[in-house]
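Please read the following report alongside the sequence and the coordinates. It goes through ring pairs, charged contacts, the surface and the backbone in turn.

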Amino acid sequence: MRKIIFAALLAVAAPAPAAAQSFLGYRSLGYPVLASGGRTVGTGNLGIGLAGPQLSASDPAAAAQLFLPTISLTMQPTWGSFEIGEESGTSNTTRFPLVAIGFPFPRANGVATVSLAGYMEQRWAGERTGTVELAGRQVLVADTFETNGGASVARLGWAQRVGSRVSVGVSAGAYVGRLEQFFNRSLDSLAVATGVEPFFEDRRWSYGGYNLAAGVSADPHELLHLAGTVEWSSRITESPRPGTEGETSYSVPLRLSAGATARLTPRLSMNGSVVYQDWSGATGYEEGSVSSLALSYGGGMEWTVLQRETRSLPLRVGYRRIAPPFRYRDHDPVESIWSLGLGINFVELAGNRFGWMDLAIERGSRTSHPLTERFWRATVSLGISRS
């Protein structure tokens with residue numbers, strides 16, 4: 001019902017204002033969230049294969065080199081605009097895509113990790129005005145429809161050092177979160193009889209399911225870092241909360257990712273990453289809503305413009321081309337993003353950061369005809385390690 005109502009709102013686009021962080025995925029789970037920090041975003045990386053110890057939701061082996069308890073928090077404000085035929089609008093929102101903690105166990109040569117990472121989100125709304133026949137009269141009505149929420153993944157992980165050049169990592173997670181939808185119809189009070197009340201509907205669901213991942217990273221040479229991850233998910237269930245009816249179950253395909261970082265000079269490095277996830281055979285989704293594209297890729301550079309004994313200032317630039325899993329209508333979507341980033345490492349020794357701030361700004365666009373979306377997105381990550 002929510003999909004039918006929203007489609008009706010968009011069908012009368014001229015008198016119907018709408019807003020969304022992204023309209024891709026409004027017929028399914030939503031739009032995917034890249035749960036990455038400012039360093040990853042600034043270098044155009046897809047969350048796999050960056051050199052150096054770090055907390056990552058998509059690279060379970062990356063934390064193996066941490067030797068002090070570490071916490072990292074990421075915030076992302078976004079400012080966007082869209083065009084659907086002759087309809088256009090703007091929106092803005094702020095989210096916290098990743099919170100992660102790592103705790104080393106030196107005797108075991110490993111690191112335990114805990115993280116809460118964004119996965120899919122739905123934030124969109126529509127309005128329209130029209131008339132309905134009531135008691136033989138045409139009455140002016142105003143409809144509003146709003147969706148808020150999404151799914152996140154809460155993970156527990158373990159990253160293990162195997163010798164001096166290889167690390168392995170595993171994680172187990174559960175899908176959490178909720179979806180809230182509101183539909184309101186108000187009538188012209190001067191044209192209806194006393195006692196006719198506006199119509200309001202409030203529907204809520206919660207998400208459930210499981211996620212497992214395993215990864216490996218290696219440094220075959222002091223100038224080269226390699227990493228790969230396999231991620232499996234159970235079906236994601238959208239379970240109704242009290243007062244709401246209708247349960248939906250969605251399959252999630254296997255996700256394969258790989259990345260590498262090459263150090264060109266002591267201050268300059270390049271990275272590249274690819275992700276393969278084929279949604280075309282996924283089940284549980286509305287017919288025609290799933291994209292047939294499966295490959296995403298990205299890459300960039302990191303240049304340390306200022307290097308001191310205990311602090312540094314790296315500058316980053318990157319590009320990503322992403323294949324989102326869900327269409328707007330009949331055309332496969334593509335997302336292109338250019339990024340620029342800056343790192344402020346307040347305390348750094350032997351390549352290990354003890355206090356830092358990573359900043360990134362992105363300019364991106366999404367297309368799935370007749371939908372075009374453009375956005376500016378900032379990423380701010382804060383991290384601290386201490387004994």
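Phe67, by contrast, is partly exposed at 46% relative accessibility. The ring centres of Phe67 and Phe354 are 5.9 Å apart and the planes stand at 80°, so the pair is edge-to-face; rings of Phe, Tyr and Trp (its six-membered ring) are paired if their centres lie within 6.5 Å, and planes under 30 degrees apart are called stacked, those over 60 edge-to-face and the rest tilted. The pair links parts of the chain that are 287 residues apart, with Phe67 in the loop between helix H2 (38-42) and E3, and Phe354 in strand E18 (residues 352-368). Helices (H or I, at least four residues) and strands (E, at least two) are DSSP runs, numbered from the N terminus.

The model is predicted, so that local features need a pLDDT of at least 70 and side-chain atom pairs count only at pLDDT 80 or more, whereas totals for chains, interfaces and linings use all residues. Residues are numbered from 1 along each chain as its sequence is written, and side-chain values use heavy atoms, with hydrogens and water left out.

A search of the whole structure finds 15 aromatic pairs. Phe23 and Phe82 form one that is edge-to-face, with 4.9 Å from centre to centre and 85° between the planes. Phe23 belongs to the loop between strand E1 (18-20) and strand E2 (31-32), and Phe82 to strand E3 (residues 70-84), so this contact ties together parts that are 59 residues apart in sequence. Phe23 and Phe82 are both buried.

Tyr26, Trp124, Phe145, Phe183 and Tyr328 are linked by ring pairs into a cluster. A further contact involves a charge and a ring: the charged end of Arg366 sits over the ring of Tyr31, 4.4 Å from its centre, the criterion being that NZ of Lys or CZ of Arg is within 6 Å of the ring centre and within 35 degrees of the ring normal.

## Salt bridges

The structure holds 19 salt bridges, each defined as a side-chain nitrogen of Lys or Arg within 4 Å of a carboxyl oxygen of Asp or Glu. In one of them, the side chains of Arg377 and Glu362 meet at 2.8 Å, N to O. Arg377 lies in strand E19 (residues 371-385) and Glu362 in strand E18, so the pair ties together parts that are 15 residues apart in sequence, and both Arg377 and Glu362 are buried. Salt bridges with shared partners also join Arg39, Glu302, Arg316, Arg353 and Asp358 into one network.

Asp358 is buried at 3% relative accessibility, and Arg353 is buried at 19%. Asp332 forms a salt bridge with Arg327, with the closest N and O atoms 2.7 Å apart; here Asp332 counts as partly exposed at 24% relative accessibility, while Arg327 is buried at 17%.

## Nonpolar surface

Trp79, Leu264, Met270, Met301, Trp303, Val305, Leu306, Leu315, Val317, Leu340, Ile361 and Trp376 form a nonpolar patch on the surface, together giving about 1,100 Å² of accessible area. Such patches are made of residues with over 30% relative accessible area and no salt bridge, like charges being joined within 9 Å and nonpolar side chains (Val, Leu, Ile, Met, Phe, Trp, Tyr) within 5 Å; the areas come from the Shrake-Rupley method with a 1.4 Å probe, and for residues only the protein chains shown count as cover.

The elements that give two or more residues to this patch are strand E15 (295-307) and strand E16 (312-322), and the largest share, four residues, comes from E15. Leu264, in strand E13 (residues 255-265), is partly exposed with a relative accessible area of 47%.

## Backbone and overall form

A cis peptide bond with omega of about 10° joins His369 and Pro370, and Pro370 is found in the loop between E18 and E19. Asn109 has a positive phi of about 55° although it is not a glycine; Asn109 lies in the loop between strand E4 (87-105) and strand E5 (110-134).

The secondary structure comes to two helices and 19 strands, and buried residues make up 50% of the 387 residues.

Definitions and conventions: Buried means under 20% relative accessible area, exposed over 50%, partly exposed in between (1.4 Å probe, protein chains only).
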